[in-house]
Amino acid sequence: MSPTSNVKTVKVDLPAEIFDVSVNVPLIHQVVVAQQAAARQGTHATKTRGEVRGGGRKPYKQKGTGRARQGSIRAPQFAGGGVVHGPQPRKYDQRTPKKMKAAALRGALSDRARNDRVHVVEGLVSGDAPSTKAALASLAGLTDRSRFLVVLERSDALTWLSLRNAHEVHIVAVDQLNTYDVLSSDDVVFTKGAYDAFVGGTAASSERKAEVVEPPADDAVEEKTEKPAAKKAPAKKAPAKKAPAKKAADKPAAEEADK
């Protein structure tokens with residue numbers, strides 16, 4: 001069966017907790033800046049005067065030449081010398097909590113949904129063979145705008161192969177949907193399977209409640225803590241005090257008293 005360009009849109013009720021929330025522009029800006037910063041490699045590097053090869057010998061004597069004193073031809077003021085305060089390898093990552101990313105994504109999707117720029121379709125290509133022409137014709141039938149963000153399931157290989165070379169289309173897996181891609185495109189197009197997976201996963205995570213663990217009953221606590229009393233060791237008897245030895249000088253006095 002040859003691929004066709006007829007696209008079938010699906011009318012769905014967009015959940016208000018995802019597609020109809022207030023847009024927090026400063027939050028979205030912070031998340032987008034952090035995402036772009038994380039994409040930087042940070043491998044830029046320049047050599048200082050201690051890292052440039054050569055320059056171990058003093059170029060000329062200290063005094064008597066009329067020139068400024070120099071210790072190395074690899075000093076920053078010489079051609080071929082080191083760089084002062086040049087860029088060094090570093091990381092540009094910024095810490096962005098998951099709740100902030102999720103809130104920014106909901107705000108971006110809500111902005112697109114309020115302007116009728118979120119579409120859900122059954123599929124962009126019909127048949128068993130990929131077709132870029134048919135997929136682009138399906139997207140053109142949705143809107144006159146040119147930049148599309150197509151959200152697919154990872155198992156949808158047919159649409160992936162059809163749109164991977166289209167420069168006006170950016171494809172993203174449903175579990176990789178992010179704020180920057182939503183804002184950089186004019187329209188967001190979900191396939192039915194990707195939409196169900198996104199809404200179901202987001203709703204499940206937002207409705208997840210913490211489990212309240214009730215304290216155990218008092219009887220249970222007593223049963224767990226109640227242990228057989230340990231036998232007490234017999235108390236040690238204190239050693240008897242020895243009578244102090246009588247002094248030798250007292251003996252004659254005692255003998256005289258007996259007489």
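Leaving aside its neighbours within four places in sequence, with which residues is Arg74 in contact?

The structure is a predicted model, in which local features need pLDDT of at least 70 and side-chain atom pairs count only at pLDDT 80 or more, whereas totals for chains, interfaces and linings use all residues. Residues are numbered from 1 along each chain as its sequence is written, and side-chain values use heavy atoms, with hydrogens and water left out.

View A. Helices are DSSP runs of H or I with at least four residues, strands are DSSP runs of E with at least two, and both are numbered from the N terminus. Beyond four places in sequence, Arg74 is in contact with Arg49, Val52, Arg53, Gly54, Gly55, Gly80, Gly81 and Gly82 (contact: heavy atoms within 4.5 Å). Arg74 is buried (under 20% relative accessible area; exposed is over 50% and partly exposed lies in between, with a 1.4 Å probe and protein chains only). Arg74 has no salt bridge (a side-chain nitrogen of Lys or Arg within 4 Å of a carboxyl oxygen of Asp or Glu). The nearest side chain of opposite charge, Glu51, is 12 Å away; Lys and Arg count as positive and Asp and Glu as negative, while His and the chain ends are not counted. The Arg74 side chain reaches the backbone oxygen of Arg53 at 2.7 Å.

**View B. Gly71 in the loop between H2 and H3.** With a relative accessible area of 47%, Gly71 is partly exposed. Not counting residues up to four places away in sequence, Gly71 touches Gly55, Arg57, Lys58 and Pro59. Gly56 is 15 residues from Gly71 in sequence, and their C-alpha atoms are 8.5 Å apart.

**View C. The open sheet of 4 strands in the order E1-E4-E2-E3.** The pairing is parallel; two strands pair if DSSP finds at least two bridges between them. Strand E1 (118-121) and strand E3 (169-173) are the edge strands, each pairing on one side only.

**View D. Pairing of strand E4 (residues 187-191) with strand E2 (residues 148-152) and with E1.** E2 and E4 run parallel and are joined by 4 bridges, with Val188 in E4 as the bridge partner of Leu149. E1 and E4 also run parallel and are joined by 4 bridges; here Phe190 in E4 is the bridge partner of Val120.

**View E. Side chains of E1.** Val118 and Val120 point one way from E1, and His119 and Val121 point the other way. All of these residues are buried. In a regular strand the side chains alternate between the two faces of the sheet.

Notes: Polar contact = N/O pair within 3.5 Å; in protein donor to acceptor, adjacent residues only side chain to side chain.
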